[in-house]
Every structure is written in C-alpha cells, then in structure tokens.
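Reader: I would like to learn to read this model feature by feature. Please take me through it.

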Amino acid sequence: MLNSCVMHRHTGPSPGIMVWGGIGHHSRTPLGLATALFQQDNARPHEARIVQRLFVNRQIELFPWTARSPVLSSIENMWSMVAQRLTQITPPAATPDNLWQRVEATWSAVPQEHIQSLF
C-alpha cells in the first residue's frame, strides 16, 4: 500500500484542512489515519517545517522516498482526481467540517478501477 501525507492549502474565504490517505491496487485507507507508516514524495510543500514538526509532534513514522517528482507518485494523481471532483461541487464548502465531509465522500467515491489505473 502506498501512503502519503498531503497538505491541502486553500486561499481566500475557503476553509483549509490537512488530509492523509493511502491507496493500494485493491484497496484504500480511510482518511485521517492515527497510526500508519507514511510515504511522501518530498515535494516542497511536504518538506515545509510546519509539516515536518507535525510528523515529529505526532510521532508519525515516514517511509523514505528517494525520487523528487510528484508525478511518480500514484497518491498525487489520486489527490488530483479528488480535487477535480471537489471543484465541481457548488457552492464551495463554508466550514472545515463541511470541507472534510466533502473530501471524505469524494475520496470514497473514486472507483477502485480508477485507482488501479494509477499503478
């Protein structure tokens, strides 16, 4: 299973949340895992001090990733699918809780066949 940490940052009046999820060829994790081994692609937003402090403070174990290109990561493409579907929902989420509900529903609604195509 490929695990990742993604910080989704919104600007303007939209709320922002931090989301974790993992995908595998035949499965996906629920969002917001409390205990897991995470793998991220070393993209600049993931290397930010605030994200690194979060890992340390929450004692989150990271699996090393040597490549630096997000396009090599299946999870990045999954997040792109989720983000695209979220932009089609109007009006925009008004609260972080509302955004969380939408992200969770959208994450769960992506067909497993689409996830398999990412591998």
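**Reading the fold and its buried residues**

Author: Start with the surface. The accessible surface of the chain comes to about 7300 Å², and carbon and sulfur atoms hold 55% of that. Accessible areas come from the Shrake-Rupley method with a 1.4 Å probe; for residues, only the protein chains shown count as cover.

Reader: What should I know about the model and its numbering?

Author: This is a predicted model: local features need pLDDT of at least 70, side-chain atom pairs count only at pLDDT 80 or more, and totals for chains, interfaces and linings use all residues. Residues are numbered from 1 along each chain as its sequence is written, and side-chain values use heavy atoms, with hydrogens and water left out.

Reader: How many helices and strands does the chain have, and in what order do the elements run?

Author: Helices (H or I, at least four residues) and strands (E, at least two) are DSSP runs, numbered from the N terminus. Here there are five helices and four strands. From the N terminus the order is β-β-β-α-α-β-α-α-α.

Reader: What share of the residues count as buried?

Author: Buried means under 20% relative accessible area, exposed over 50%, partly exposed in between (1.4 Å probe, protein chains only). Of the 119 residues of the chain, 37% are buried.

Reader: How do I read the sequence range of the contacts?

Author: Contact means heavy atoms within 4.5 Å. Take the contacts between residues at least 6 apart in sequence: 71% of them join residues at least 24 apart.

Reader: Is Leu31 buried or exposed?

Author: Leu31 is buried, because its relative accessible area is 8%. It sits in the loop between β2 (17–23) and β3 (37–39). Beyond neighbours within four places in sequence, its contacts include Val19, Trp79, Trp100 and Trp107. Val103 is another contact. The C-alpha atoms of Leu31 and Val103 are 8.9 Å apart, across 72 residues of chain.

Reader: And Trp65?

Author: Trp65 lies in the loop between β4 (61–63) and α3. Trp65 has a relative accessible area of 17%, so it is buried. Its C-alpha atom is 6.6 Å from that of Gln39, 26 residues away along the chain.

Reader: How do I check the length of helix α3?

Author: The expected span of a helix is 1.5 Å times one less than its number of residues. Helix α3 (residues 74–87) has 14 residues, so it should span 20 Å; its end C-alpha atoms are 20 Å apart, which agrees. Buried residues in α3 include Trp79, Val82 and Leu86.

Reader: What comes between α3 and α4?

Author: A loop that holds Pro91. Thr90 and Pro91 are joined by a cis peptide bond, with omega about -5°.

Reader: What does Arg102 do with its charge?

Author: Arg102 is in helix α4 (residues 96–109). Lys and Arg count as positive and Asp and Glu as negative; His and the chain ends are not counted. A salt bridge is a side-chain nitrogen of Lys or Arg within 4 Å of a carboxyl oxygen of Asp or Glu. Arg102 is buried but has no salt bridge; the nearest side chain of opposite charge, Glu104, is 12 Å away. A polar atom of the Arg102 side chain does lie 2.7 Å from the backbone oxygen of Pro91.

Reader: Which residues does Thr106 touch?

Author: Leaving out residues up to four places away in sequence, Thr106 touches Val82, Arg85, Leu86 and Ile89. Thr106 is also in α4. At 9% relative accessibility, it counts as buried. Its side chain reaches the backbone oxygen of Arg102 at 2.7 Å.

Note on methods. Polar contact = N/O pair within 3.5 Å; in protein donor to acceptor, adjacent residues only side chain to side chain.
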